[in-house]
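The sequence and the structure come next.

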Amino acid sequence: MKKLYFLLVICIVVGCKKDTPKPVPAAPKKAPAIILTDERKVDIDTAIIGAYKSETLKQFYIASENQTVWGNLQKRKYVLSQLEKSEELGLNPEDYKASQLKKFETRISSLSDKDLATYDILLTYNFEKYLNDLYRGKLDPKKLYDNWDLDEKAFDVNNVLIKAFNKNKLDSIVDNIQPKTQTYKQLLKALELINTFPDDEIKTIESVEKIVLNDTNSALINIKKRLRYWNDLTGRDSLTKIYDSKTFEAIKKFQERHGLAADGVIGVGTIKALNYSKEKRKEQIIANLERWRWYPNEFAENYFIINIPDYSLNVVENQDTTLVRNVVVGTSKRRTPIITSVLKTVVFNPTWTVPPTILKEDVVPAMKRNRNYLSKKNITIYDSSGNVVDPVNWNENKPNNYRYVQSPGYSNSLGLMKILFPNHHSVYLHDTNHRNIFGRNNRSMSSGCVRVENPLELAQHILDVDGNWPQDRIDTIIASKKTMSFKITKKYALYQWYWTAWSKKNQLLFRADIYNLDSDLYAKLRN
């Protein structure tokens, strides 16, 4: 018995694996003192403040010596108007008790001291909540997704609010704390634009076979109505069943706005995009506004920005777009993760080690069918001691006991180059041995990494800071078939993000929601 007790104690003390202690959230900083005016003010019972269980709110009223602060009519009117107008920024006024606060305001002169204190607290609590939601989003992406690696956005709302309060600059606070990025501004414009459209009462277009120029099809009546609704088809039209040249051009315009192949052929993708209602498109814009509040408010001086649903990579330096590339991203099953990072290294002639998911789902089944599967792909099997294993001797029951490494070369799965950056998902940017896929419209085809079109030009662009990277130097390295790594000396941030809506030149632009994130996010925002 003593022996058993001793073993139990050892197990408890040593443990199998120590849990990493969770960091204790930092307490809000002490707020600057609030400058109170001579308007009516009353003392606040701290128990009422405590009922909100908000350390931020508690510190705010400590700064006013637990007295009401919103005695000034102009300041109250500003807060109330901002909360009422929050819908213009894609938020819900009732999340901030806009109606309840308005009722308090109509009775302001007759409020008892207790009710005045309650009104004051509600104003502060909801306005600070609103400011927080505008600065860093209403929801936390880390609680929603396991493949979103974004730095947490610290925001000292008391400091920002009280400074604006004391300097009578509340009228600029909302604009100042919102993201400064162009896409965020384009999304706000998109929300403004879509609100100008009338109610959408057009019937759903039933699924049809492909429609090409000069075809006759009864579905064209509702297709034309949709095109007219979105202003892609203008002028008078008899709404016939004939696919005429005017409708053909309107379809191409619609397809271009939605990232579809602008070939004028009305297929499944075009019908699906046409069937989005005004309300669904508005919800999509609002979901994207929320995402952009999760992202950094400002960009680095030089950066790569990847829009996953748009299959695009832009290199931006000193606010100038210097390179644009088509990319291939992960499938809905093997999604490309959302990452903010910094580019570190270019690797020429990389080897490729088969990752666990591809090993399990692709390689092992193929090897069981044909032991020569890996040798045909120039992949060598190594045991745990680093010895080469003949495919004949490969143990199919213990596939995880080996490493599977593909030799460098033109046919390597990573192609001739990869770009590394710190992340928790073992992903990177790279070339591919399937170089004919960049012309496709739907490029959600990879296992999570991002494949880049014309990658050697991209590598030269970011390495050639001092003129030391002429084309022939890269050609010589590639010809050697030796794996070589080079540090990227110029600092580039990487923004590998996800957005499906924006606007440009007063036009609404949308992309297919390839990971089906928009509807779910909107529902959570309105929950």
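## Overall chain

The secondary structure of the protein chain comes to 19 helices and 18 strands. The model is predicted. Along the principal axes, the C-alpha trace spans about 90 × 90 × 60 Å.

The protein chain has 527 residues, and 47% of them count as buried. Among the contacts in the chain with a separation of 6 or more, 68% are between residues 24 or more positions apart.

## Largest cavity

A search of the whole structure finds 2 cavities of 30 Å³ or more. The largest cavity holds about 70 Å³ of space. Its lining consists of Tyr276, Lys280, Glu283, Gln284, Ala287, Asp518, Ser519 and Tyr522. Two elements give two or more residues each to this lining: helix H14 (278-294) and helix H19 (518-525).

Helix H14 supplies the largest share of the lining, 4 residues. By class, the lining of the largest cavity divides into 3 nonpolar, 2 polar and 3 charged residues. Lys280, Glu283 and Asp518 are the charged ones.

## Second largest cavity

The second largest cavity has a volume of about 40 Å³. The residues that line the second largest cavity are Leu36, Thr37, Glu39, Arg40, Lys41, Thr68, Val69, Trp70 and Gly71. This lining has 3 nonpolar, 3 polar and 3 charged residues.

## Ser109

Where in the chain does Ser109 have its place? Ser109 is in the loop between helix H5 (98-106) and helix H6 (113-136).

Is Ser109 buried or exposed? With a relative accessible area of 71%, Ser109 is exposed, because the cut-off for exposed is over 50%.

Strands of a sheet pair through backbone hydrogen bonds, in either a parallel or an antiparallel sense.

## Helix H18

Which residues of helix H18 (residues 471-480) are buried? The buried residues of H18 are Ile474, Ile477 and Ile478. These residues cover an arc of only 100 degrees around the axis, so they lie on the same side of H18. An α-helix has 3.6 residues a turn, so residues three or four places apart point the same way. On the other side of H18, Thr476 and Ala479 are exposed.

The cover over the buried residues of H18 includes strand S6 (345-348), helix H17 (455-463) and strand S15 (484-487). Lys481 follows H18 and has a positive phi, near 60 degrees.

Conventions: Residues are numbered from 1 along each chain as its sequence is written. This is a predicted model: local features need pLDDT of at least 70, side-chain atom pairs count only at pLDDT 80 or more; totals for chains, interfaces and linings use all residues. Side-chain values use heavy atoms; hydrogens and water are left out. On a 1 Å grid over the protein atoms alone, a cavity is a set of points where a 1.4 Å probe fits but cannot get out, and a pocket is an open set with protein on both sides within 12 Å along at least five of seven lines; lining residues have an atom within 4 Å of a point. Grid points are joined across faces, edges and corners, and a volume is the space filled by probe spheres set on the points. Buried means under 20% relative accessible area, exposed over 50%, partly exposed in between (1.4 Å probe, protein chains only). The arc is that of the directions from the helix axis to the C-beta atoms. Contact means heavy atoms within 4.5 Å.
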